[in-house]
Amino acid sequence: MKNILFLEQFSFLGGGQKVLLKLIKGLDYRSWVIIPGEGDFSRALTGIGAQPIVAPIGQYSTGRKSLIDFVKYLFLSIIMVFFSIYIIKKNQINIVYANAPRTFLWGALAAKICGIPVIWHLHSNLKGVELRLSRFLAKHWVDKLIAVSNFTSNVFNNGDPILLAKTSVVYNGIDPREYDQVAVSDLHKTYNLQGKKVITFIGRITPLKGIKTLIEAADIIKNEGQLAYLIVGEPAPGDRKDVEYRGKLVDFVGKHKLTDRVLFVGQRNDIPSILKMTDILVLPSVEPEACPLVILEAIAAGKNVITTDIGGQAELAKEGLLFPPGDAQKLADLIILGINTKVGRESGAVETRTSFQQKIAETIASLI
């Protein structure tokens, strides 16, 4: 049996981490996963037979990075190159699979030194110095690229024939069976949601997700029927900007007397059950995303999706309801439309979990 070393930059269970868990479960390889800390993700990895390895990857804030962040990253990258080489040699790793951009530099270098192939899974839309450096490394050190959407592939490759030849587009996989015959979440009773239309946001509480726009739309709608807005998720652990952003959202809700309608319910592990009682999934991201898993989950659950008209989110929800980032009035109009109209949820972007696993397994097998 072959051995794979996966590299992941977060220790919490977000969309990219859920995708990685599904991938590992579908592969017939021994798997080790380098992560920055223990938690729900490490426990989930252990539960599927993978071996989590905690390493000093470092924590970084979202958004624009400071000079200190870059210096810290380069210093820790040097450490991680040597640490990864040690793990590769110790466990006779056959291939390195970098699942996150902060692992790209040291993961590719360690694989290059050890003479084994490396795959990058492009879950993010890079820009600036990070994008230019990643393109250079990908051209010279990386064997295969897997992009989660055409948008992400286009942003990264920018028409370069060498990079295009290395790239496959594979949408994140969803198992529709997970959304069949599930019970309604206990939140239904906890927050007395019976008889109400439920508008749900699911994701990390961070400025890039544009959650304030959804709350502003709730303030605009005010007395339009019995609507409830669920904010499902938490800030990234240790991210000061995310924590401050959540505090500002809570303050806004209180100031505008929305506490009876806008409900912060924290991190949840019963997403299919939450979608069961949801009428509309809203993802109001203010920047282009790559392939938001929550949109595919909502599509699989047969729910209306409202999202911004940019990036991978617009590509996935091309049959849905789109609005310009930050336009709370337009979002409010679409919510009113969405609760009164059943929008078709068919999308060519839906990939089953089995086909997702098979396509990536074929990419891996072509290298080892």
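What radius of gyration would a compact globule with 368 residues have, and what does the protein have? The model discussed here is a predicted one. A compact globule of 368 residues would have a radius of gyration near 21 Å, and the protein, which has 21 Å, therefore agrees with that expectation. Taken along the principal axes, the box filled by the C-alpha atoms is roughly 65 × 40 × 40 Å. The secondary structure comprises 15 helices and 15 strands.

**Helix packing**

Two packed helices are described by the angle between their axes and the distance between the axes. The table gives these values for two pairs.

| Helix pair | Angle between axes | Distance between axes |
|---|---|---|
| H1 and H2 (residues 40-47) | roughly 10° | within 10 Å |
| H9 (residues 211-221) and H10 (residues 240-255) | about 5° | 11 Å |

The axes of H1 and H2 cross at roughly 10°, and angles under 35 degrees count as roughly parallel. H1 and H2 are therefore roughly parallel to each other. On the H1 side the contact is made by Gln17, Leu20, Leu21 and Ile24, and on the H2 side by Phe41, Ala44 and Leu45. By class, the residues of this contact of H1 with H2 are 6 nonpolar and 1 polar, with no charged residues.

For H9 and H10, the packing angle is about 5°. These two helices, H9 and H10, are therefore also roughly parallel to each other. From H9, the residues Ile211, Lys212, Ile215 and Glu216 meet Tyr245, Leu249, Phe252 and Val253 of H10. The contact of H9 with H10 has 6 nonpolar and 2 charged residues, and no polar ones.

**The second largest pocket**

The second largest pocket holds about 400 Å³ of space. Its lining consists of 16 residues, of which Leu13, Lys18, Leu21, Lys22 and Glu178 are the closest to the centre of the pocket. Leu21 also belongs to the contact of H1 with H2 described above.

Which helices each supply at least two residues of this lining? They are H1 (15-25), H11 (271-276) and H12 (293-300). The largest share, 4 residues, comes from H1. Divided by class, the lining of the second largest pocket has 8 nonpolar, 1 polar and 7 charged residues.

Notes:
Residues numbered from 1 in each chain as written. Predicted model: local features only at pLDDT ≥ 70, side-chain atom pairs only at ≥ 80, totals over all residues. Heavy atoms only, no water. Axes fitted to C-alpha atoms, helices over the stretch in contact; angles between N-to-C directions. Parallel < 35°, antiparallel > 145°, perpendicular 65-115°, else oblique. Contact = heavy atoms within 4.5 Å. Nonpolar A, V, L, I, M, F, W, Y, C, P; charged D, E, K, R; others polar. 1 Å grid on protein atoms, 1.4 Å probe; cavity = no way out; pocket = protein on both sides within 12 Å on 5 of 7 lines; lining within 4 Å. Points joined across faces, edges and corners; volume = space filled by probe spheres on them. Rg over C-alpha atoms; globule rule 2.2 N^0.38 Å.
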